Amino acid sequence: MLQAIITDFDGTLVDTFEANLLAYQEAFAKEGIRLTQERYRECFGCRFDGFMTAMGIVDDQVAGRIKQYKKECYTKYFHLLKINEHLVRLIESFKAMGGKTAIASTARRENLMNAVNYLGIAKHFDLIYAGVDVTKGKPSPEIYLKAMDALGVSPEQTLIFEDSDVGIQAAKAAGANYMIVSPSQFE
């Protein structure tokens with residue numbers, strides 16, 4: 001019997017692509033690096049360190065400045081966030097019936113919580129995990145296993161919502177049931 005719903009954030013619960021893209025483009029530009037939409041799309045869903053590696057940025061100081069610049073300008077693009085209303089209503093109803101709910105995102109905690117609070121959806125979740133809460137990013141199942149453990153549920157009692165290839169791999173590796181969210185669900 002289903003006892004918990006765990007959802008990814010970026011691209012699943014909220015379409016953050018455009019807001020993240022513009023914030024990263026601004027941050028990269030401060031370092032004299034051009035970030036195209038196509039290149040960013042290839043890396044969407046990756047943890048920051050994996051994103052930097054994929055972009056060929058191996059200098060920790062440059063990566064640190066990009067992270068800081070992105071943090072500073074991300075909130076000015078929050079008006080572009082698009083919430084997955086169908087999924088939020090499902091989670092809200094499930095929680096009202098006694099189900100357990102969580103967000104499991106490998107995003108930076110401050111950025112994640114700023115977006116969650118801006119959208120006013122924190123009340124729908126018993127637990128919110130961010131990248132700092134795990135040692136390995138997706139496709140490792142670590143964040144899902146940790147969330148299930150904290151919620152006191154087994155993989156068989158859990159439904160995970162995901163959108164990215166690395167997230168789907170993580171959900172599969174966690175042994176939970178999962179559903180794939182497509183971009184059309186934000187329209």
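## Aromatic pairs and nonpolar cores

Tyr40 counts as buried, since its relative accessibility is 4%, under the 20% cut-off. The model that shows this residue is predicted. Tyr40 belongs to one aromatic cluster together with Phe17, Tyr24, Phe28, Phe48 and Phe51.

**Aromatic pairs**

- Across the whole structure, a search finds nine aromatic pairs.
- Tyr24 and Phe51 form an edge-to-face pair, because their ring centres are 5.0 Å apart and their planes stand at 75°.
- This pair links distant parts of the chain, with Tyr24 in helix α1 and Phe51 in helix α3 (residues 48-54), 27 residues apart.
- Both Tyr24 and Phe51 are buried, and the relative accessible area of Phe51 is 3%.
- The rings of Tyr40 and Phe51 are also edge-to-face, because their centres lie 5.5 Å apart with the planes at 75°.
- Tyr40 lies in helix α2 (residues 37-43) and Phe51 in helix α3, so this pair ties together parts 11 residues apart in sequence.

**Charges over rings**

- Arg41 lies over the face of Phe17, 4.3 Å from the ring centre.
- Lys146 lies over the face of Tyr129, 5.2 Å from the ring centre.

**Nonpolar cores**

- The largest nonpolar core comprises 30 residues, and Phe9, Leu13, Ile103 and Leu112 have the most contacts inside it.
- At least two residues of this core come from each of α1 (17-30), α4 (60-74), α5 (85-96), α6 (109-119) and β6 (158-162).
- Helix α5 gives the most, with four residues.
- Beyond its neighbours within four places in sequence, Ile103 is in contact with residues including Phe9, Leu13, Leu112 and Tyr129.
- A second, separate core of 18 residues includes Ala104, Ile160, Ala174 and Ala176.

Key:
Residues numbered from 1 in each chain as written. Predicted model: local features only at pLDDT ≥ 70, side-chain atom pairs only at ≥ 80, totals over all residues. Heavy atoms only, no water. Core = buried A, V, L, I, M, F, W, Y, C linked by side-chain atoms within 4.5 Å. Buried < 20%, exposed > 50% of the residue type's maximum accessible area, 1.4 Å probe, protein only. Contact = heavy atoms within 4.5 Å. Phe/Tyr/Trp six-rings, centres within 6.5 Å; stacked < 30°, edge-to-face > 60°. Lys NZ or Arg CZ within 6 Å of the ring centre and 35° of its normal.
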